[in-house]
Each structure stands twice: as C-alpha cells, then as structure tokens.
Amino acid sequence: MIARLWRGVTSQENSDKYFEYLSNTGLKDYRNVNGNLGVYVLRRIKDARAEFLLISLWDSWDAIREFAGPDYEKAVYYPEDKDFLLALDPRVEHFEVIERTAQ
C-alpha cells in the first residue's frame, strides 16, 4: 500500500468553504479511481490559517498514475484552488505503508 500526502493552506475564514469544494473535486475523484483505498482529511487552525493534510491510500503506483497522470509526484489542482489556497505546492510525497493496525 502507498500513502500519498498533499498539503494545502487557506485562510481560517475559508476553511469550511474550501473543505466543501475539496469534497466535490479531489475527494470525489479519489473515490472514482480503482485502487484508491480511502483518504484521511486532516485540518488544523493555526495563526488564522487552515492547514489541510490529505493522506490518500492506494493499492499500486498504477492507481496513483490513473489519478495523477504519468508525473505522479506532481500535485493535482482544480480550477478554483487558486481562489482558496495561499500557495500551490507543485509536489506531493509518497510513502510505502509497511504496517497498518486496525482496532
């Protein structure tokens, strides 16, 4: 299993609106890709900014490429991201999940 990490920052006042937008774009697209095993959406408010961390889980590199394209380390952005996000980080990170515990 592979974890794909993406980070984005918006203003605190746009936090809920951005999450709604995110739900209708990136999160929706994750669900439509075979091989996506789910996503954790983390948010924290700090210094009047909302920091988002998305940890999506994938069963293969091919599944990630289906979502992100051939340059799978490039971040995927949608048209209105530029209206919400304070910066557009061009890259994401990937980690091999070597253990997962369930309760």
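**Salt bridges and ring pairs**

Q: What makes the meeting of the Asp71 and Arg91 side chains a salt bridge?
A: Asp71 and Arg91 get to 3.3 Å, N to O. The rule wants a side-chain nitrogen of Lys or Arg within 4 Å of a carboxyl oxygen of Asp or Glu, so this pair passes. It also links distant parts of the chain, with Asp71 in the loop between α3 and α4 and Arg91 in the loop between α4 and β4 (93-96), 20 residues apart. Those labels come from DSSP runs numbered from the N terminus: helices are H or I with at least four residues, strands are E with at least two. Keep in mind that this is a predicted model, where local features need pLDDT of at least 70 and side-chain atom pairs count only at pLDDT 80 or more, while totals for chains, interfaces and linings use all residues. Residues are numbered from 1 along each chain as its sequence is written, and side-chain values use heavy atoms, with hydrogens and water left out.

Q: How do you know that Asp71 is partly exposed?
A: Asp71 has a relative accessible area of 39%. Buried is under 20% and exposed is over 50% (1.4 Å probe, protein chains only), so a value in between makes Asp71 partly exposed.

Q: What is the distance between the closest N and O atoms of Arg91 and Glu73?
A: They are 4.0 Å apart, and the contact counts as a salt bridge.

Q: Why is the Trp6 and Tyr77 pair called edge-to-face?
A: In general, you describe a ring pair by the distance of the centres and the angle of the planes. Here the centres are 6.2 Å apart and the planes sit at 70°.

Q: Is Trp6 buried or exposed, and why?
A: Trp6 has 7% relative accessibility, so it counts as buried. Tyr77, at 24%, is partly exposed.

Q: What makes Tyr30 and Trp58 an edge-to-face pair?
A: Their centres are 5.6 Å apart and their planes are at 90°. Tyr30 lies in helix α2 (residues 26-31) and Trp58 in strand β3 (residues 49-58), so the pair ties together parts 28 residues apart in sequence. Tyr30 is buried at 6%, and Trp58 is buried at 0%.

Methods: Rings of Phe, Tyr and Trp (its six-membered ring) pair if their centres lie within 6.5 Å; planes under 30 degrees apart count as stacked, over 60 as edge-to-face and the rest as tilted.
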